Amino acid sequence: MGATPLGADAGPAESENPLAAAPPPDIELAAAADEAGPFALTLKDMFGKTQTVQVSAETKVFEVKELLRAAKASEAEAALASAREGLAQLESEMAQAPEDKARAAALEAERLAAAGEVARLEAQAAEAGSVEYVDAMALLYNQDTLDDDSTVGSHGLTESTTVTLSMAQDPERGRAMRG
């Protein structure tokens, strides 16, 4: 019988040991995110508009959606307040100059346009602040839908990451997850 080369029956080499291998990149990213603390996560909608929310690696995806809803509602309320202020200024100006018919007609046209903008912004503010808005929202990263119960860190999301916002989720799915 021939001699067995030294170490030939010793089993797999240390380099083949899966426990000795480096962790997968997604685990490294999640660990780095855990160490980083709170950070700004960028969300981009289908129109290319971006919104930033403060999160940490432990933040759940549904919490990110709630933060986005609150930010959009606040933004919509600010725009609505500004439009209402503009409308009030027009109405005040109309009350002060009723003699000039041409100017009064122009102001009335501006007032009607401003009133239409206020109505549009009221509807937008109501939609942005609604739970249905969150129910229909899905967050995508690398074209994968992020599970609402998962955490930001579990996906390796960092400050340099941009997450896509989609309004294509069936609202029933969102209600079921929330309910």
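## Overall composition

Of the 179 residues of the protein chain, 30% count as buried. The model is a predicted one. Its secondary structure comes to five helices and five strands, and along the sequence these elements follow the pattern α-β-β-α-α-α-β-β-β-α.

## The sheet

The five strands form an open sheet with mixed pairing, in the order β2-β1-β5-β3-β4. The edges are taken by β2 (50-55) and β4, each of which has a single partner strand, so one side of each is left without a neighbour in the sheet.

Two pairings of β5 (residues 162-166) can be set side by side. Strand β1 (residues 39-44) runs parallel to β5 and is joined to it by three bridges; here Leu43 has Val163 in β5 as its bridge partner. Strand β3 (residues 138-141) is also joined to β5 by three bridges, but these two strands run antiparallel. In this pairing, Leu139 stands opposite Leu165 of β5.

## The β3-β4 hairpin

On its pairing with β4 (residues 144-145), β3 is again antiparallel, and two bridges link the strands. Leu140 has Thr145 in β4 as its bridge partner. The two strands form a hairpin with two residues between them.

Asn142 lies in the loop between β3 and β4, and Gln143 is found in that loop too. Phi of Asn142 is near 55°, a positive value in a residue other than glycine. Gln143 is likewise a non-glycine residue with a positive phi, near 65°. Both side chains belong to residues in the exposed class, for which the cut-off is over 50% relative accessible area: Asn142 counts as exposed because its relative accessibility is 59%, and Gln143 is exposed with a relative accessible area of 77%.

## Helix α2

Helix α2 covers residues 61-96, which makes 36 residues. From its first C-alpha to its last it reaches 53 Å, close to the 52 Å expected at 1.5 Å a residue.

The buried residues of α2 are Val61, Val64, Lys65, Leu68, Arg69, Lys72, Ala73, Ala76, Leu80, Ala83, Leu87 and Leu90. The list includes the charged residues Lys65, Arg69 and Lys72. An α-helix has 3.6 residues a turn, so residues three or four places apart point the same way. Positions such as Ala76, Leu80, Ala83, Leu87 and Leu90 are among the buried ones in α2.

## Packing of α2 against α3

How do the axes of α2 and α3 cross? They come within 9 Å of each other and cross at roughly 160°, α3 being the helix of residues 101-128. Angles over 145 degrees count as roughly antiparallel, and α2 and α3 are therefore roughly antiparallel to each other. Their crossing is left-handed. The residues of the contact between α2 and α3 divide into 15 nonpolar, no polar and 12 charged.

A pair of residues, one from each helix, gives a distance. Arg120 has its place in α3, and Leu80 is one of the buried residues of α2. Arg120 and Leu80 are 40 residues apart in sequence and 8.9 Å apart in space, C-alpha to C-alpha. Is Arg120 buried, partly exposed or exposed? Arg120 counts as partly exposed because its relative accessibility is 44%, whereas Leu80 is buried.

Conventions: Residues are numbered from 1 along each chain as its sequence is written. This is a predicted model: local features need pLDDT of at least 70, side-chain atom pairs count only at pLDDT 80 or more; totals for chains, interfaces and linings use all residues. Side-chain values use heavy atoms; hydrogens and water are left out. Helices (H or I, at least four residues) and strands (E, at least two) are DSSP runs, numbered from the N terminus. The expected span of a helix is 1.5 Å times one less than its number of residues. Buried means under 20% relative accessible area, exposed over 50%, partly exposed in between (1.4 Å probe, protein chains only). Axes are lines fitted to C-alpha atoms, for helices over the stretch in contact, and angles run from 0 to 180 degrees between N-to-C directions. Angles under 35 degrees count as roughly parallel, over 145 as roughly antiparallel, 65 to 115 as roughly perpendicular and the rest as oblique. A crossing is left-handed if the near helix is turned anticlockwise from the far one by less than a right angle, and right-handed if clockwise. Two strands pair if DSSP finds at least two bridges between them.
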